[in-house]
Amino acid sequence: MIPKHSSRNYLFTGLFLIVAIISFFIVKDLIFAILYSIVLAFFFYPLYDKINSFIKVRSISAMIVIVIIIFIVTTPLVFVSNKMVHESIEFYDVVRGLDFGSTPFVKEGLQNILTTISVTANDFLYSLPTRLLNIFVSLFLLFYFFIDGKMLFENFKNFLPLDKKKKELYFNEFKNVAYSVVYGSVLTGIIIGILFGIGFYIFQVESPIILAFIVMILVILPIVGSALVWLPVSVLKIINGDTTNGIGLIIYGVILSLLASLLSYRIMSKKAKLHPALTVIGVIGGLKFFGFIGVIFGPFVLVLLITMIKYLIVER
């Protein structure tokens, strides 16, 4: 005969699993919204803390930071979106009109890429209501992450079934990796992308915004670097007779490439020293699995795995 307390434990475990499964299906479509709010809270918490030290009212401080975030995100989108759509159409027309001679597969490949971008844009428009809902959820959660962030963080740490040493190891690793990726890669990519956009405009390069966006991605992914964009553009300008702008863009590109390396090195050297191969695999795999938020979570998951392995080796 099964003891009464054992049957109660089995019943509670079964109910807990059922509730946990139902809860997962309730929040599964909002998981990425939750992740976005966590990353934004981590990134902007120092600003919130600074504002709250003057205002002394947490709710008002949180609302001010959220308004700043909305302004930072929406202003460039409103300013750039129309221009980028116009440039995309022009870029598509140029590619369609190019004559690649004996290499038609190059033209076909480029056109396939552009078709994929077009399909992705249509999918984005169809999923816009869902995305707006996710944005609302992210901002709603972000408000409470700012207000109760420290308490939630400490409760989460206490909830983990790990000893104090492991907790500190894992959370310090997360902070270092997040700091390194966000400030060392993403922020550097945004800054260099904006500066290249200005340079492309100054040196009269067609489609400066699209090229600047590509440069930003290449700076975030430490594979080849921004030279993959600005160097061919400069050479083409020189070949077409625009020597002044071509040479000027080369000099400008070299200076910004050195600046990008300096910024990344100075920022990353203060915290986590991520191996380039680990960063590339983590960012690309993270983008594929998590979406844009994978730029941070991809490298973090890989570094967390390596940290766990190192800890297991040390314990043995």
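The model is predicted: local features need pLDDT of at least 70, side-chain atom pairs count only at pLDDT 80 or more, and totals for chains, interfaces and linings use all residues. Residues are numbered from 1 along each chain as its sequence is written, and side-chain values use heavy atoms, with hydrogens and water left out. Helices are DSSP runs (H or I, at least four residues), numbered from the N terminus.

**Helix 2**

- Helix 2 spans residues 31-55 and has a kink of about 55° at Phe44, shortly before the proline Pro46. The bend at a residue is the angle between axes fitted to the seven residues ending there and the seven starting there.
- Buried residues of helix 2 include Phe44, Tyr45, Tyr48, Ile51 and Asn52; buried means under 20% relative accessible area, exposed over 50%, and partly exposed in between (1.4 Å probe, protein chains only).
- Asp49 also lies in helix 2, and it counts as partly exposed because its relative accessibility is 35%.
- Between Asp49 and Ser61, 12 residues apart in sequence, the C-alpha to C-alpha distance is 8.2 Å.
- After helix 2 comes Lys56, with a positive phi near 70°.

- Helix 7 has 13 residues and reaches 18 Å from its first C-alpha to its last, close to the 18 Å expected at 1.5 Å a residue. The expected span is 1.5 Å times one less than the number of residues.
- Among the buried residues of helix 7 are Pro208, Ile210, Leu211, Ala212 and Val215.
- The axes of helix 7 (residues 208-220) and helix 8 (residues 227-239) come within 8 Å and cross at roughly 140°. That makes helix 7 oblique to helix 8. Axes are lines fitted to C-alpha atoms, for helices over the stretch in contact, with angles from 0 to 180 degrees between N-to-C directions. Angles under 35 degrees count as roughly parallel, over 145 as roughly antiparallel, 65 to 115 as roughly perpendicular and the rest as oblique.
- Leu211, Ile214, Val215 and Leu218 of helix 7 meet Leu228, Val229 and Val233 of helix 8, where contact means heavy atoms within 4.5 Å.

**Phe200**

- Phe200 belongs to helix 6 (residues 164-202), and it counts as buried because its relative accessibility is 0%.
- Not counting residues up to four places away in sequence, Phe200 touches Val205, Pro208, Leu211, Ala212, Val215, Val229, Trp230 and Leu249.
- Phe200 and Leu211 are 11 residues apart in sequence, and 8.1 Å apart in space from C-alpha to C-alpha.

Conventions
Helices (H or I, at least four residues) and strands (E, at least two) are DSSP runs, numbered from the N terminus.
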